[in-house]
Amino acid sequence: MKIARTLFIAMLLVAMAPMASAQTADEIIDTYFENTGGKANWEKIKSIKSTGKASFGPQEFPFTQYMMEDGRMAVTISLQGQELTPQAFDGENMWGTNFQSMQAEAQDSETSENYKKNEAKDMPDVFLNYKDKGYTIEKMDDDTIEGTEVFKIKLTKNPIMVDGKEEESVSIYYFDKENFVPIASETTINAGPQKGMTTQTVFSEYLEAGDVYMPFNITQKFNGQVGQSITIENIEINPDIDESIFEMPEKN
Amino acid sequence: MKKLVLTFLALALIPLSQISAQEEISLQGKELFGGMQARHIGPALMSGRINDLETHPTNTRIFYAGSAGGGVWKTNDGGATFSPIFDDHVQSIGVVTLDPKDPDKTIWVGTGETWTRNSVSVGDGLYKSTDGGSNWKEIPGFENSERIASIVINPNNTDVVYVGVLGALWGDSEDRGVYKSTDGGTTWKKVLYIGPSTGAGDVIMDPKNPNVLYASMWQFRRTGWGFNSGGENSGLYKSTDGGATWNKIHNGFPEGKLGRIAVAVAPSDGNILYAVLETEDKSKNGLWKSSDAGKSWEHLNNDFGLTVRPFYFSRITVDPRDPDVVVKGGLTGSISRDGGKTFKPLGNMHSDIHDIVFHINDSDIIYSGTDGGVYRSWNGGTTFEIVEDLPLSQFYHISVDDAEPYNVYGGLQDNGSWYGPSSSPGGVNARDWNSVGAGDGFRVLKHPTKNIIYSEMQGADNVWRYDVERNKTKTIQPLPQKGDAELRFNWNAPMAVSAHVPDRFYMGSQFLHKSDDMGDTWTIISPDLTTNDPAKQDQSKSGGLSVDNSGAENHTTIFTIAESPLDANIVWVGTDDGNVQVTTDGGKNWNNVTANLTGIPKNTWVYHIEASVHGKGTAYAVFDGHTAGDMKQYAMKTTDYGKTWTSIISDDIQQNAFVRNIQEDYENEDLLFLGTEMGLYVTIDGGSNWSKFTNNMPSVAVHFIDLQKQTNDLVMGTHGRGVIIIDDISPLRELNQEVLAKDVHFFNTEAFTMSEESGFSGSFGGETQFVGQNKPTSARIAYYLKKRHTFGKMSMEIQDMDGNKVATLVPEKSKGINIVNWDFNMKAPKMAEAKTISFGGFTSPRVPAGKYKVILTKGKDTYEHTLDLNYDKTALTTLAERKKQEEMTKTMFTMVEDLAYLVYEIGQMQEKANEVMENDPKGKKVAEKYYNALEALRKDLVITTGDNYVASAEPELRERMGELYANIASSYDRVSGAQMQNYEVINTEFSEAKQRYANIQKKEGEKFMKYLEKNDMEAPKVDSKADFLDAK
């Protein structure tokens, strides 16, 4: 048995060596899904409930995130006895709790439409069946990020509207060459006062979530400085979710 | 399946780590620096030189600025704010052009500034992005182009591209002229070439017929000591067959040599051309116009604004809608509304206007690129406002002091001398910078002990001694004395203060001047230390067709002075004509060691000498040959006073990255920092290997580096991106094979001071103004990871020395160096639940000074490191008062959480009572009584109505308690009498509330519990306080 296993490893290593030098974008994505549980297991995911802590500098908030295959999503935080929903999508509209009035308010329709075109399709993973979503990928020159040699994949999503004008939606994903999982992504902010600036999202602490591996730490950085860091404590795959959580409550 | 995946991943990694453990670990660049990041502090208030502006053909929100030394910037909001899009590449930009058919995605950038002043940088080719500037590809074939002036694209077939290469400034080159591609840049053909000293300036296309092209060709040359614009080869050419053939169109132009020519075609009428000429006949200089597409020319205007400094201002722009509205770059810029017959100056803005563009739909809106950034006009050019978001300042030199936070001093191209703080409340703002010199600024030095600043303007025309406190200035430059030769000062004249004699101040002309009274009296302490070559000393004729004797070309001068930090008698001098000289007896005798510099071409500019702290005879010298057309890297080290030298350059420094500065580390002799024209390089092995530092550090020219002694911050004066700082480089000192082989290594840190500054910042203007990043005031935990942590848990917490958890941190997980900041805070208290938010609950208590453990847990392994924290020396309190403040903070923290628990208990009781009220009519009365009693109490404890803004309810006990807690916890002063009195009120109120609760429990509560018991109903479930506090 021991011999067989050693052989198996040796074969794997041999098989891997040439792969690393000439990979197409699709091969990288395929290997990513293979290494994280297999595409079939990813495709079985219909809903996700994650709980953890989000920190913004010294402030830390426990949160729960609910995501459905059809794109519906809600993030709730509990603060001094108040349940707030900073962000949710009911299938048509993005909405969230106004912190001053503590009432739910719809986001502008452009934001909702943009979400519907792209992010609503990204459960459980942005790259899963990306072609069906209308996305394209392209391999760029290799790079080093987080001190680590990476494959660089450019992901172009469906065009979005920004203040009334159509714009491209592009992100760069960096896949660790050793294990083919994304360890960072970069996006140019395309709306709001920080438009034009690049934000980096760093993925780490890949752990088992059901039958697949997901990053349990997601940290957002601007110019290398940490903005927000999310540490997930638990991920439930296909849990029962009270779907009323996605609906925008009436103002009272 | 899961197990298999894990096994696969784990095993695949093992052989790699085994291999690396046996071999020497050599980490390069990002692998080494990991999470160490540079930060930018500007300034942006005076911005920097702009070379080219480019509007989007259809989107009025977007335009681009190509800067002289700070890369390419894009605005998405009509010029209110900008973002850099070209940081990975050379920052000297010649031209930015958008593809007319695909302007959102396809951007071309020709590098190398084209306004060829003495201090101009170099480019390294042609770049193209097809994704709106996120990624760039270098187009092969233009590597040696040095400066690209024009890119024009056929709007009907955007695969057809013409590139005008101005080319090398300091030498002959065949990489010049007009190039054409018909396949979108894959292959190129040189379609117009005149000779090795004549390059292409403006290449333009007829607005209707893309086969009609015009090209201005310019014969020009610069040396370290002169400039020559013009020659027989300059000319204006036209092609009507897409560049296949070219003909001179000089009908009407004067005979003889021509200089730089600007040319523009009216976008609304292709027959109307404007050209600005530099000729041998002064009366024929200036504006020429053709109304027949170049067949004939008429001379219209030779006013100052049209003829001034052609090498610097040859830009003419025609209003896209009106062929009679013409704008010319210049000292102030000029605008004509009568087809070029007469001009008036443009409105006030920074002088030296290099490019002007009109808004695509509205000619009232004009954007202007100057020596001081981008300006916007909304009224056709009469008033201009500056873009405040472009940190393009071009430092020649910087220095630092030892204040806390330290200040950075430096002088800027055409923008005076300044100092500003390295950190400031709310970030380093425009208003934080102080002007300390006029004209062009160069070296700015702080007196070592007094609040005095030395600064200068070009050629030491003025050297100022500025008394900061009294706001008094005195000019102190060395003046010729009886018997002295005429003094020759460099444009960027060297100054130095002594580390040994505080009032001592040095300046260099061709002699070394020393003053021991802060510049009041001067003594020459050397012979002429230069080559004194008369062939390089006549600048009166410099300029070529237009004399340009600004002083910028003064040569055979001293350029760098370095007094040994170990011995005041050892002084090194380097000259712009290649001499390195040293004295070991305070200037009595000088030793010219130039001949010992093996491998350095003769007369190569000695750009900087660094006298070492590691040995009296040790020094570093860097040499810059670019003004002789030599872009190679030269850095030498001596340990024997210059008798022998060793090159410390390795071949991992990129081509063209000629060296301007070197900085040694004060502790580790093998740690060196190299300022090059293409960015910062670092070696940890004395120069055997160099790594480029690219973490938030653009490929910008680094003109000067200083290492601030108290903080170990590396401070860089860049020529195009202002001041850039890498905080605390001390981790680099520890890197060696032993450390690199460890899985985890915590770097030593000195004790941290818990800063107690708590002033206001006022963020007004920050929406559109550049604000520099601050240095974190937190504890900086630095560690090395041999490998990036991607799979499995990794956590970090702070514990006191007894192992109690104090704070949780999010660890960085990069391979290489990682930095995590801890703000000295513990967890915030858990607040009682209510209808609204009590903001006091966001305040975390600070830890007391002392020792703390950092515990890093990575999988099953834990790693430990100890931190020392000190109180701020500027504290307002005595130690006893502080201990009282800490104790009161703790008391209030506990009280806040006690109240939270009390409200929780009440809530649990109410929940049970409610359950009975709803489900058990028999028990309703007793339950209701109990519920109502509790509710009356709860309403006095916490807010139960309203919102977080103006519909808020009156504060209840929770809010008042929370506020007192926050005030005490966040105060850096002793607990005040008022606070103690308020504490008594709140403590009493809380005691009363607890008593009320006890009374309710005794009366209504006991009845309710008895009822439950009697009816076999479960008692209310109440967690222990510890469990309650642990729960989310």
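The questions below ask how terms used for this predicted model follow from its values.

Q: Why is B:Asp269 called partly exposed?
A: The relative accessible area of B:Asp269 is 27%, and the term covers residues between the 20% limit for buried and the 50% limit for exposed, so B:Asp269 counts as partly exposed. This residue is found in strand β20 of chain B, which covers residues 269-277. From B:Asp269 to B:Ser197 the separation is 72 residues in sequence and 33 Å in space, taken C-alpha to C-alpha.

Q: How do you know whether A:Phe89 and A:Tyr115 are buried or exposed?
A: Buried means under 20% relative accessible area. With a value of 1%, A:Phe89 is therefore buried, and at 14% A:Tyr115 counts as buried as well.

Q: What makes the aromatic pair of B:Tyr454 and B:Phe505 stacked?
A: The angle between the planes is 10°, and planes under 30 degrees apart count as stacked, while the distance of 3.9 Å centre to centre is within the 6.5 Å limit. This pair also links distant parts of its chain, with B:Tyr454 in strand β36 (residues 452-456) of chain B and B:Phe505 in strand β40 (residues 505-508) of chain B, 51 residues apart. Both B:Tyr454 and B:Phe505 are buried.

Q: How many aromatic pairs are counted over all chains?
A: The count comes to 46 aromatic pairs. In chain A, one aromatic cluster is formed by A:Tyr32, A:Phe33, A:Trp42, A:Phe127, A:Tyr173, A:Phe175 and A:Phe203. Two of these, A:Tyr32 and A:Phe33, are among the buried residues of helix α2 (residues 25-35) of chain A.

Q: How do you know that B:Lys190 lies over the face of B:Tyr193?
A: The charge of B:Lys190 is 4.1 Å from the ring centre of B:Tyr193, and the limit for this distance is 6 Å, with a further condition that the charge be within 35 degrees of the ring normal. B:Arg222 likewise lies over the face of B:Phe311, at 5.7 Å from the ring centre.

Q: Which residues make the contact between α9(B) and α10(B)?
A: From α9(B) come B:Leu957, B:Arg960, B:Met961, B:Leu964, B:Asn967 and B:Ile968, and from α10(B) come B:Gln979, B:Asn982, B:Tyr983, B:Ile986, B:Glu989 and B:Phe990. Sorted by class, the contact has 7 nonpolar, 3 polar and 2 charged residues. The axes of α9 (residues 957-969) and α10 (residues 977-1014) of chain B come within 10 Å and cross at roughly 145°, and the crossing is left-handed.

Q: What share of chain B counts as buried?
A: Of its 1032 residues, 61% count as buried, in a chain with 11 helices and 66 strands.

Key
Residues numbered from 1 in each chain as written. Chains lettered and ligands numbered in written order. Predicted model: local features only at pLDDT ≥ 70, side-chain atom pairs only at ≥ 80, totals over all residues. Heavy atoms only, no water. Axes fitted to C-alpha atoms, helices over the stretch in contact; angles between N-to-C directions. Helix = DSSP H or I, 4+ residues; strand = E, 2+ residues; numbered from the N terminus. Left-handed = near helix turned anticlockwise from the far one by under 90°. Contact = heavy atoms within 4.5 Å. Nonpolar A, V, L, I, M, F, W, Y, C, P; charged D, E, K, R; others polar. Buried < 20%, exposed > 50% of the residue type's maximum accessible area, 1.4 Å probe, protein only. Phe/Tyr/Trp six-rings, centres within 6.5 Å; stacked < 30°, edge-to-face > 60°.
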